[in-house]
Amino acid sequence: MAHEFDRAYWDDIWAGVGGSVGDDDGDRPAAMAANPPNPYLIREASRLVPGTALETGCGAGTEALWLASQGWQVTGADIAAEALTIAARRSAELGLSGRVSWVEADLAVWEPPARYDLVTTHYAHPAIPQLDFYERLAGWVAPRGTLLIVGHLQHVGHAHGQHVVHGQHAGHDRSPQPPVEASATAQGITARLEADRWEIVTAEETSREMPGHGGAPVTVHDVVVTATRRH
(Lines give C-alpha, C1' and ligand atoms only; values in the text may rest on other atoms or scores of the structure.)
Protein backbone atom coordinates (compact mmCIF):
# COMPACT_ATOMS: atom_id res chain seq x y z
CA MET A 1 0.00 0.00 0.00
CA ALA A 2 1.43 3.36 -1.06
CA HIS A 3 1.52 6.21 1.45
CA GLU A 4 -0.35 9.44 0.77
CA PHE A 5 2.14 11.60 2.76
CA ASP A 6 -0.72 13.94 3.65
CA ARG A 7 -1.34 15.90 6.86
CA ALA A 8 -3.00 12.95 8.59
CA TYR A 9 -0.03 10.70 7.81
CA TRP A 10 2.51 13.12 9.28
CA ASP A 11 0.33 14.00 12.25
CA ASP A 12 0.20 10.29 13.11
CA ILE A 13 3.97 9.96 12.77
CA TRP A 14 4.65 12.88 15.10
CA ALA A 15 1.97 11.77 17.54
CA GLY A 16 3.80 8.44 17.79
CA VAL A 17 1.02 6.35 16.28
CA GLY A 18 2.29 5.84 12.74
CA GLY A 19 4.76 3.23 11.60
CA SER A 20 5.34 -0.44 11.01
CA VAL A 21 3.88 -3.18 13.12
CA GLY A 22 6.18 -3.96 16.02
CA ASP A 23 7.85 -0.55 16.18
CA ASP A 24 7.84 1.31 19.47
CA ASP A 25 5.92 4.18 17.89
CA GLY A 26 5.59 6.19 21.06
CA ASP A 27 9.34 6.76 21.08
CA ARG A 28 9.50 7.95 17.45
CA PRO A 29 9.11 11.72 17.98
CA ALA A 30 11.85 11.79 20.62
CA ALA A 31 14.12 9.63 18.47
CA MET A 32 13.60 11.83 15.43
CA ALA A 33 14.28 14.99 17.42
CA ALA A 34 17.50 13.47 18.76
CA ASN A 35 19.03 12.99 15.30
CA PRO A 36 22.21 15.04 14.68
CA PRO A 37 22.26 17.61 11.84
CA ASN A 38 22.54 16.03 8.43
CA PRO A 39 26.22 15.71 7.49
CA TYR A 40 25.58 16.81 3.90
CA LEU A 41 24.01 20.04 5.14
CA ILE A 42 27.06 20.72 7.30
CA ARG A 43 29.40 20.02 4.39
CA GLU A 44 27.53 22.04 1.76
CA ALA A 45 26.32 24.98 3.88
CA SER A 46 29.77 25.48 5.40
CA ARG A 47 30.88 26.70 1.97
CA LEU A 48 28.26 29.46 1.95
CA VAL A 49 28.01 32.94 3.45
CA PRO A 50 25.06 32.94 5.90
CA GLY A 51 21.95 34.79 4.79
CA THR A 52 18.30 33.79 4.73
CA ALA A 53 17.40 30.11 4.66
CA LEU A 54 14.26 28.04 4.24
CA GLU A 55 14.24 24.47 5.58
CA THR A 56 11.31 22.58 4.06
CA GLY A 57 9.93 19.59 5.91
CA CYS A 58 11.89 20.72 8.95
CA GLY A 59 10.33 18.27 11.41
CA ALA A 60 11.66 18.89 14.91
CA GLY A 61 14.03 21.52 13.54
CA THR A 62 17.45 19.89 13.79
CA GLU A 63 18.81 21.22 10.49
CA ALA A 64 17.08 24.60 10.83
CA LEU A 65 18.56 25.05 14.29
CA TRP A 66 22.02 24.14 13.07
CA LEU A 67 21.75 26.76 10.33
CA ALA A 68 20.57 29.34 12.88
CA SER A 69 23.55 28.52 15.08
CA GLN A 70 25.82 29.27 12.12
CA GLY A 71 24.40 32.76 11.62
CA TRP A 72 21.58 32.11 9.16
CA GLN A 73 18.13 33.71 9.53
CA VAL A 74 15.97 30.63 9.11
CA THR A 75 12.38 29.75 8.36
CA GLY A 76 11.42 26.15 9.12
CA ALA A 77 8.27 24.87 7.41
CA ASP A 78 6.45 21.61 8.10
CA ILE A 79 2.94 20.22 7.83
CA ALA A 80 2.95 18.57 11.28
CA ALA A 81 1.94 20.89 14.13
CA GLU A 82 3.41 18.59 16.79
CA ALA A 83 6.79 18.60 15.07
CA LEU A 84 6.79 22.40 15.05
CA THR A 85 5.85 22.50 18.74
CA ILE A 86 8.96 20.44 19.48
CA ALA A 87 11.05 22.64 17.17
CA ALA A 88 9.89 25.86 18.85
CA ARG A 89 10.67 24.46 22.29
CA ARG A 90 14.14 23.44 21.17
CA SER A 91 14.88 26.85 19.63
CA ALA A 92 13.89 28.54 22.90
CA GLU A 93 16.07 26.18 24.93
CA LEU A 94 19.04 26.92 22.65
CA GLY A 95 18.50 30.67 22.71
CA LEU A 96 17.89 30.73 18.95
CA SER A 97 14.28 31.91 18.84
CA GLY A 98 15.37 35.24 17.37
CA ARG A 99 17.09 33.55 14.43
CA VAL A 100 14.44 31.02 13.40
CA SER A 101 10.69 31.11 12.78
CA TRP A 102 8.36 28.15 12.30
CA VAL A 103 5.57 27.90 9.72
CA GLU A 104 2.89 25.21 9.58
CA ALA A 105 2.47 24.62 5.86
CA ASP A 106 1.42 22.00 3.34
CA LEU A 107 4.44 22.13 1.05
CA ALA A 108 2.41 20.72 -1.83
CA VAL A 109 0.46 23.98 -2.11
CA TRP A 110 2.15 26.58 0.13
CA GLU A 111 3.98 29.55 -1.37
CA PRO A 112 6.59 31.38 0.74
CA PRO A 113 6.34 35.16 1.07
CA ALA A 114 9.92 35.71 -0.11
CA ARG A 115 12.85 34.07 -1.90
CA TYR A 116 15.78 32.73 0.12
CA ASP A 117 19.55 32.61 -0.15
CA LEU A 118 19.37 28.92 0.75
CA VAL A 119 16.47 26.52 0.27
CA THR A 120 17.07 23.05 1.61
CA THR A 121 15.22 19.83 2.40
CA HIS A 122 16.21 16.57 4.03
CA TYR A 123 14.13 13.49 3.18
CA ALA A 124 10.85 15.45 3.07
CA HIS A 125 8.03 14.20 0.85
CA PRO A 126 4.65 15.92 0.65
CA ALA A 127 1.58 14.61 -1.14
CA ILE A 128 2.85 15.40 -4.65
CA PRO A 129 5.38 13.56 -6.85
CA GLN A 130 8.88 13.85 -5.40
CA LEU A 131 10.49 15.53 -8.41
CA ASP A 132 7.61 18.00 -8.65
CA PHE A 133 8.29 18.90 -5.03
CA TYR A 134 11.97 19.52 -5.73
CA GLU A 135 11.05 21.69 -8.71
CA ARG A 136 8.79 23.77 -6.44
CA LEU A 137 11.71 24.30 -4.05
CA ALA A 138 13.88 25.52 -6.90
CA GLY A 139 11.41 28.33 -7.52
CA TRP A 140 11.89 29.59 -3.96
CA VAL A 141 15.63 30.27 -4.33
CA ALA A 142 16.76 33.87 -4.71
CA PRO A 143 19.05 34.86 -7.60
CA ARG A 144 22.59 33.62 -6.84
CA GLY A 145 21.14 31.58 -4.00
CA THR A 146 21.60 27.87 -3.33
CA LEU A 147 19.31 24.86 -3.53
CA LEU A 148 20.35 21.87 -1.41
CA ILE A 149 18.40 18.62 -1.70
CA VAL A 150 19.15 15.58 0.43
CA GLY A 151 16.80 12.73 -0.36
CA HIS A 152 16.28 9.00 -0.36
CA LEU A 153 18.08 7.35 -3.26
CA GLN A 154 15.86 5.49 -5.67
CA HIS A 155 17.08 2.01 -6.55
CA VAL A 156 16.24 -0.15 -9.54
CA GLY A 157 13.65 -2.71 -8.45
CA HIS A 158 12.44 -0.47 -5.65
CA ALA A 159 9.24 -1.74 -4.04
CA HIS A 160 6.20 0.47 -3.54
CA GLY A 161 4.63 1.02 -0.16
CA GLN A 162 7.55 0.41 2.20
CA HIS A 163 7.47 2.53 5.33
CA VAL A 164 9.58 5.63 5.74
CA VAL A 165 9.69 8.12 8.60
CA HIS A 166 9.79 11.87 7.97
CA GLY A 167 12.60 13.66 9.73
CA GLN A 168 14.26 10.32 10.38
CA HIS A 169 16.92 9.17 7.99
CA ALA A 170 16.23 6.20 5.78
CA GLY A 171 17.03 2.96 7.55
CA HIS A 172 16.02 4.11 11.03
CA ASP A 173 12.95 1.93 10.83
CA ARG A 174 12.87 -1.77 9.91
CA SER A 175 12.37 -1.30 6.17
CA PRO A 176 15.59 -1.46 4.12
CA GLN A 177 14.40 1.15 1.63
CA PRO A 178 11.91 4.01 1.49
CA PRO A 179 8.95 3.74 -0.89
CA VAL A 180 9.74 4.57 -4.49
CA GLU A 181 7.36 7.54 -4.47
CA ALA A 182 9.52 9.19 -1.77
CA SER A 183 12.87 8.65 -3.52
CA ALA A 184 14.82 10.05 -6.46
CA THR A 185 18.08 9.90 -8.40
CA ALA A 186 20.66 12.62 -8.97
CA GLN A 187 19.94 12.57 -12.70
CA GLY A 188 16.21 12.87 -12.09
CA ILE A 189 16.69 15.92 -9.89
CA THR A 190 19.24 17.75 -12.03
CA ALA A 191 17.06 17.20 -15.12
CA ARG A 192 14.50 19.53 -13.48
CA LEU A 193 17.09 22.33 -13.15
CA GLU A 194 17.50 24.28 -16.40
CA ALA A 195 21.14 24.61 -17.42
CA ASP A 196 20.79 28.29 -18.30
CA ARG A 197 19.45 29.06 -14.82
CA TRP A 198 21.38 26.67 -12.57
CA GLU A 199 24.98 25.70 -11.96
CA ILE A 200 25.18 22.19 -10.51
CA VAL A 201 27.73 22.12 -7.69
CA THR A 202 27.10 18.65 -6.26
CA ALA A 203 25.18 15.72 -7.74
CA GLU A 204 25.98 12.48 -6.00
CA GLU A 205 24.48 9.19 -4.94
CA THR A 206 26.16 7.96 -1.82
CA SER A 207 25.90 5.62 1.15
CA ARG A 208 26.80 5.90 4.83
CA GLU A 209 26.33 3.95 8.02
CA MET A 210 24.38 5.25 10.99
CA PRO A 211 22.53 3.80 13.99
CA GLY A 212 19.23 2.20 13.07
CA HIS A 213 16.26 0.87 14.99
CA GLY A 214 17.43 -0.45 18.35
CA GLY A 215 20.94 0.93 17.79
CA ALA A 216 21.98 -1.62 15.16
CA PRO A 217 24.00 -0.05 12.31
CA VAL A 218 22.26 0.35 8.96
CA THR A 219 23.42 1.56 5.56
CA VAL A 220 21.65 4.68 4.36
CA HIS A 221 21.50 5.41 0.63
CA ASP A 222 21.23 9.10 -0.19
CA VAL A 223 20.99 11.42 -3.17
CA VAL A 224 22.57 14.86 -2.67
CA VAL A 225 22.18 17.75 -5.10
CA THR A 226 23.48 21.29 -4.57
CA ALA A 227 22.89 23.94 -7.22
CA THR A 228 23.48 27.69 -7.48
CA ARG A 229 20.87 29.86 -9.19
CA ARG A 230 22.53 31.99 -11.88
CA HIS A 231 19.81 34.67 -12.02
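A residue counts as buried when its relative accessible area is under 20%. Keep that cut-off in mind as we walk through this model, which is a predicted one. Take Trp110: its relative accessible area is 16%, so this residue is buried. Trp140, at 2%, is buried too.

These two tryptophans make up an aromatic pair. Their ring centres sit 5.5 Å apart and the planes meet at 80°, so the pair is edge-to-face. It ties together distant parts of the chain, 30 residues apart: Trp110 is in the loop between strands E3 and E4, while Trp140 is in the loop between H6 and E5. The count of aromatic pairs comes to two, and the other one joins Phe133 and Tyr134. Here the arrangement is tilted, with 5.7 Å from centre to centre and 35° between the planes. Phe133 is buried at 0%, and Tyr134 is buried at 4%.

Now for the largest nonpolar core. It has 25 residues, and Val119 and Leu147 touch the most other members. Strands E4, E5 and E8, along with helices H6 and H7, each supply at least two of its residues. Leaving aside neighbours within four places in sequence, Leu147 is in contact with residues including Val119, Leu137, Trp198 and Val225. Another core, of 18 residues, lies apart from this one, with Trp66, Leu67, Leu96 and Tyr123 among them.

Last stop: Leu41, in helix H3. Its relative accessibility is 0%, so Leu41 counts as buried. Not counting residues up to four places away in sequence, Leu41 touches Trp66, Leu67 and Leu148, among others. Thr121 is 80 residues away from Leu41 in sequence, yet their C-alpha atoms are 9.2 Å apart in space.

Note on methods:
Residues are numbered from 1 along each chain as its sequence is written. This is a predicted model: local features need pLDDT of at least 70, side-chain atom pairs count only at pLDDT 80 or more; totals for chains, interfaces and linings use all residues. Side-chain values use heavy atoms; hydrogens and water are left out. A nonpolar core is a set of buried Ala, Val, Leu, Ile, Met, Phe, Trp, Tyr and Cys residues joined through side-chain atoms within 4.5 Å. Buried means under 20% relative accessible area, exposed over 50%, partly exposed in between (1.4 Å probe, protein chains only). Helices (H or I, at least four residues) and strands (E, at least two) are DSSP runs, numbered from the N terminus. Contact means heavy atoms within 4.5 Å. Rings of Phe, Tyr and Trp (its six-membered ring) pair if their centres lie within 6.5 Å; planes under 30 degrees apart count as stacked, over 60 as edge-to-face and the rest as tilted.
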